[in-house]
Amino acid sequence: MTPADHATAAADLLRAEETGKQIGLLSLRHPEMGLDDAYEVQNAIYRAKIAQGRKVVGWKIGLTSKAMQSALNIDIPDSGILFDDMVFENTAIVPKDRFIQPRVEAEIAFVMKSAIGGANLTRQDVLAAVEYVAPSIEILDTRILRVDADTGKTRNVCDTISDNAANAGVVLGTQRHAVDAFDLRWVGAITSRNGEVEETGLGAGVLNDPVQSVVWLARRMAQYGQRIEAGHIILSGSFIRPIECPAGSKIFADFGPFGDVAISFA
């Protein structure tokens with residue numbers, strides 16, 4: 001893909017977000033597309049949003065479970081950018097038509113007290129930089145069709161990364177914990193929709209250790225001259241399958257002693 005291709009794809013995705021009308025698979029439009037191309041499209045979206053006055057408040061990490069990696073035939077996670085207009089208060093109601101096809105995932109969120117970065121970053125470096133951890137819900141959306149009607153082809157990881165790793169929102173629970181207060185591998189959630197349990201999972205599903213997910217992100221960012229900044233929210237990756245959230249959905253993620261978090265969709 002050329003720089004012009006990257007810019008066009010980013011503009012199409014931004015228009016889809018504004019209009020609520022999905023675009024076709026970029027991987028079909030550009031069969032030669034690779035991971036570097038996908039991140040270039042994401043970076044073009046980043047530049048456009050910054051120009052619109054948005055601010056970066058953190059990052060999300062995706063594809064951290066073996067099941068999701070296998071589904072997309074990839075063996076590494078991916079990442080996306082959290083902007084200030086993506087943050088929802090706990091128990092908030094998402095306005096109708098805010099998203100196209102919203103889904104949610106339960107995750108452990110890290111909030112940073114100091115900046116970190118570098119290709120040689122360690123787990124201890126991450127632990128020292130964390131202000132607190134909290135229960136969270138990530139809201140996913142897709143500005144790209146999940147399946148092409150003509151070919152039956154599903155979106156691949158390049159489509160997802162281009163679309164800001166399908167990120168659309170973040171909800172933090174009110175409970176805050178020191179990063180070493182819990183064994184995060186054993187922190188789990190029972191996630192319900194309209195009072196019925198849909199998914200359960202444990203933090204160990206995230207690269208066997210959610211802290212390692214943050215290590216991966218910081219090292220990946222170092223390749224592009226970036227770093228995680230103080231105050232950033234890091235969504236470390238889901239340990240449940242995405243839950244569809246049609247209008248009227250009420251989501252409650254019960255993390256037990258770790259806390260809880262809720263969001264509803266009008």
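Which residues line the second largest cavity? In this predicted model, the lining is made up of Tyr-39, Gln-42, Asn-43, Trp-59, Ile-81, Arg-220, Tyr-224 and Gln-226. Helix H3 supplies the largest share of that lining, with three residues. By class, four of the lining residues are nonpolar, three are polar and one is charged. The space inside the second largest cavity comes to about 50 Å³.

A search of the whole structure returns two cavities of 30 Å³ or more. The largest cavity holds about 80 Å³ of space. Its lining consists of Leu-13, Leu-14, Glu-17, Ile-45, Lys-49, Met-86, Arg-143, Asp-163, Asn-164 and Asn-167. Two elements, helix H1 (3–19) and helix H3 (35–51), each give two or more residues to this lining. Of the elements, H1 gives the most, with three residues. The lining of the largest cavity comprises four nonpolar, two polar and four charged residues.

The packing of nonpolar side chains was examined next. In soluble globular proteins, nonpolar side chains tend to be buried together. The largest nonpolar core in the model contains 69 residues, and Phe-110, Ile-139 and Ile-263 are those with the most contacts inside it. Helix H7, spanning residues 210–222, contributes the most to this core, with seven residues. Another core, of nine residues, lies apart from the largest one. Among the members of this nine-residue core are Val-111, Val-170, Ile-233 and Leu-235.

Val-170 belongs to strand E7, which covers residues 167–172. Its relative accessibility is 1%, and Val-170 therefore counts as buried, the cut-off being under 20%. Once neighbours within four places in sequence are set aside, the contacts of Val-170 are with Met-86, Val-87, Phe-88, Ile-137 and Leu-235. One of these residues, Met-86, is also found in the lining of the largest cavity. Val-170 and Leu-235 are 65 residues apart along the chain, and a distance of 8.3 Å separates their C-alpha atoms.

How values were computed: Residues numbered from 1 in each chain as written. Predicted model: local features only at pLDDT ≥ 70, side-chain atom pairs only at ≥ 80, totals over all residues. Heavy atoms only, no water. Core = buried A, V, L, I, M, F, W, Y, C linked by side-chain atoms within 4.5 Å. Buried < 20%, exposed > 50% of the residue type's maximum accessible area, 1.4 Å probe, protein only. Helix = DSSP H or I, 4+ residues; strand = E, 2+ residues; numbered from the N terminus. Contact = heavy atoms within 4.5 Å. 1 Å grid on protein atoms, 1.4 Å probe; cavity = no way out; pocket = protein on both sides within 12 Å on 5 of 7 lines; lining within 4 Å. Points joined across faces, edges and corners; volume = space filled by probe spheres on them. Nonpolar A, V, L, I, M, F, W, Y, C, P; charged D, E, K, R; others polar.
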